[in-house]
Amino acid sequence: MLSKKIAIIGTADTILPFKAIGADGFSANDSEMAENLLENLILKNYGIIYIEEAYAQDFAEKITRLNFAHRNVAITVIAGSKGGSGAASEKIAGLVKRAIGIDIFADE
């Protein structure tokens with residue numbers, strides 16, 4: 001059985017909790033470094049790659065292209081340890097709604 005690993009790209013504060021549960025953490029100082037890390041990790045044995053929103057917003061279109069080109073890897077943008085703009089949460093809510101047909105994050 002082939003198992004896939006989980007990676008997280010972000011600041012040290014963001015990756016620490018993921019490392020505690022066994023994910024591989026990769027600290028980035030800026031968006032360019034995060035993008036380079038993603039390009040390297042996409043070719044390795046990762047099933048899920050999380051990227052901190054603060055970095056991912058600078059190359060969001062590339063992330064979308066990579067998600068379509070590499071169907072065996074899910075690249076997901078997450079809010080950082082200090083929060084985010086809400087774009088990552090909205091995207092996750094949209095994916096959940098599309099998958100199950102219900103907006104489980106609705107305020108109502």
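Leaving aside neighbours within four places in sequence, which residues is I49 in contact with? Point 4 gives the list.

1. Basis. This is a predicted model, in which local features need pLDDT of at least 70 and side-chain atom pairs count only at pLDDT 80 or more, while totals for chains, interfaces and linings use all residues. Residues are numbered from 1 along each chain as its sequence is written, and side-chain values use heavy atoms, with hydrogens and water left out.

2. Overall layout. The chain has five helices and four strands. Helices (H or I, at least four residues) and strands (E, at least two) are DSSP runs, numbered from the N terminus. Read from the N terminus, the elements go β-α-β-α-β-α-α-β-α. The chain has 108 residues, and 31% of them count as buried. Buried means under 20% relative accessible area, exposed means over 50%, and partly exposed lies in between (1.4 Å probe, protein chains only).

3. Four strands form an open sheet in the order β2-β1-β3-β4, with parallel pairing. Strands pair if DSSP finds at least two bridges between them. β2 (24–27) and β4 are the edge strands, each pairing on one side only. From one strand to the next, the twist averages 20°. β1 and β2 are parallel and share four bridges; here I8 stands opposite G25 in β2. β1 and β3 are also parallel, joined by five bridges, and K5 stands opposite Y46 in β3. Five bridges link β3 and β4 in the parallel sense, with A74 in β4 as the bridge partner of I48.

4. The opening question can now be answered. Apart from neighbours within four places in sequence, I49 is in contact with A7, I9, L38, L41, I42, V73, A74, I75 and T76. Contact means heavy atoms within 4.5 Å. As for β3, five of its seven residues are buried, so this strand is largely enclosed by the rest of the structure.

5. The core. The largest nonpolar core has 19 residues; I9, L38, I49, I51, I63 and I75 touch the most other members. At least two core residues come from each of β1 (5–10), α2 (31–41), β3 (46–52), α3 (53–56), α4 (60–69) and β4 (74–78). α2 gives the largest share, four residues. A nonpolar core is a set of buried Ala, Val, Leu, Ile, Met, Phe, Trp, Tyr and Cys residues joined through side-chain atoms within 4.5 Å.

6. Helices on the sheet. α2 lies across β1, β2, β3 and β4, and runs at about 165° to β1. α4 packs on the sheet too, touching β3 and β4, and its direction makes about 150° with that of β4. Axes are lines fitted to C-alpha atoms, for helices over the stretch in contact, and angles run from 0 to 180 degrees between N-to-C directions.

7. E35. This residue is in helix α2. How exposed is E35? E35 is partly exposed, with a relative accessible area of 23%. Residues up to four places away in sequence aside, E35 touches F59 and K62. The side chains of E35 and K62 make a polar contact (3.0 Å). A polar contact is a pair of N or O atoms within 3.5 Å; within protein, one must be able to donate a hydrogen and the other to accept it, and residues adjacent in sequence count only if both atoms are side-chain atoms.

8. F26. This residue lies in strand β2. F26 is partly exposed, at 22% relative accessible area. Not counting residues up to four places away in sequence, F26 touches A7, I8, I9, G10, I15, L37, L41 and Y46.

9. R71. Look for R71 in the loop between α4 and β4. R71 is exposed, with a relative accessible area of 65%. A polar atom of the R71 side chain lies 3.4 Å from the backbone oxygen of F68. R71 and G47 are 24 residues apart along the chain, and their C-alpha atoms are separated by 9.5 Å.

10. Among contacts in the chain between residues at least 6 apart in sequence, 59% join residues at least 24 apart.
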